[in-house]
Amino acid sequence: MKIRLLSDLHTEGGDFVYHRLDEDVLVLAGDIGVGAQTVKFIKSKFPKDLPIVFIAGNHDYYRRDQSILNYLQVLTKRGFLPNLYIFLEPGVIETRGYRFACLPYADRDSAQIVADLRKLGVTQK
């Protein structure tokens, strides 16, 4: 599996041109845009057949705009963005036979991180 990772695009600062390579999955790892701009950007810039794993960053929440991220979740659940998988909290998703896990950053030791991953069903005991 080929994964392409994009983060800290800060699209509010200018235009972004996406050129698909041969990736199987695209991971958008936070700080993509601000509020509604994030929704517009994701809907307009990426191929509809490419699975996208979106992990919200602090800029994606600016101005307490949680409603925009909730809107993205509604769009995916209703089938309008079937290729989009959103992490707003810890969880696991599966696409094309691969699993992605997300844990929020915290000051934890490695034993606690492994315990959290086990709760999500990611690691073996």
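What percentage of the 125 residues in the chain is buried? Buried residues make up 38% of the chain, where buried means under 20% relative accessible area, exposed over 50% and partly exposed in between, with a 1.4 Å probe and protein chains only. This is a predicted model, in which local features need pLDDT of at least 70, side-chain atom pairs count only at pLDDT 80 or more, and totals for chains, interfaces and linings use all residues. Residues are numbered from 1 along each chain as its sequence is written, and side-chain values use heavy atoms, with hydrogens and water left out.

**Overall make-up**

- The chain has three helices and six strands; helices (H or I, at least four residues) and strands (E, at least two) are DSSP runs numbered from the N terminus.
- Read from the N terminus, the order of elements is β-β-α-β-α-β-β-β-α.
- Of the contacts in the chain with a separation of 6 or more, 52% are between residues 24 or more positions apart; contact means heavy atoms within 4.5 Å.
- The accessible surface of the chain is about 7700 Å², and carbon and sulfur atoms hold 52% of that surface; the areas come from the Shrake-Rupley method with a 1.4 Å probe, and for residues only the protein chains shown count as cover.

- Four strands form an open sheet in the order 1-2-3-4, with parallel pairing; two strands pair if DSSP finds at least two bridges between them.
- Strand 1 and strand 4 (84-87) are the edge strands, each pairing on one side only.
- From one strand to the next, the twist averages 20°, with axes taken as lines fitted to C-alpha atoms (for helices over the stretch in contact) and angles running from 0 to 180 degrees between N-to-C directions.
- Strands of a sheet pair through backbone hydrogen bonds, either parallel or antiparallel.

**Pairing, strand by strand**

- Four bridges link strand 1 (residues 3-6) to strand 2 in the parallel sense, and L5 stands opposite V27 of strand 2.
- Strand 2 also runs parallel to strand 3 (residues 52-55), joined by four bridges, with V27 opposite V53.
- Strand 3 and strand 4 are paired in parallel over four bridges; F54 has I86 in strand 4 as its bridge partner.
- Strand 2 (residues 25-29) is largely enclosed by the rest of the structure, because four of its five residues are buried.

**T95**

- T95 lies in strand 5 (residues 91-95).
- T95 counts as buried because its relative accessibility is 4%.
- Apart from neighbours within four places in sequence, T95 touches M1, V25, P51, Y85 and F100.
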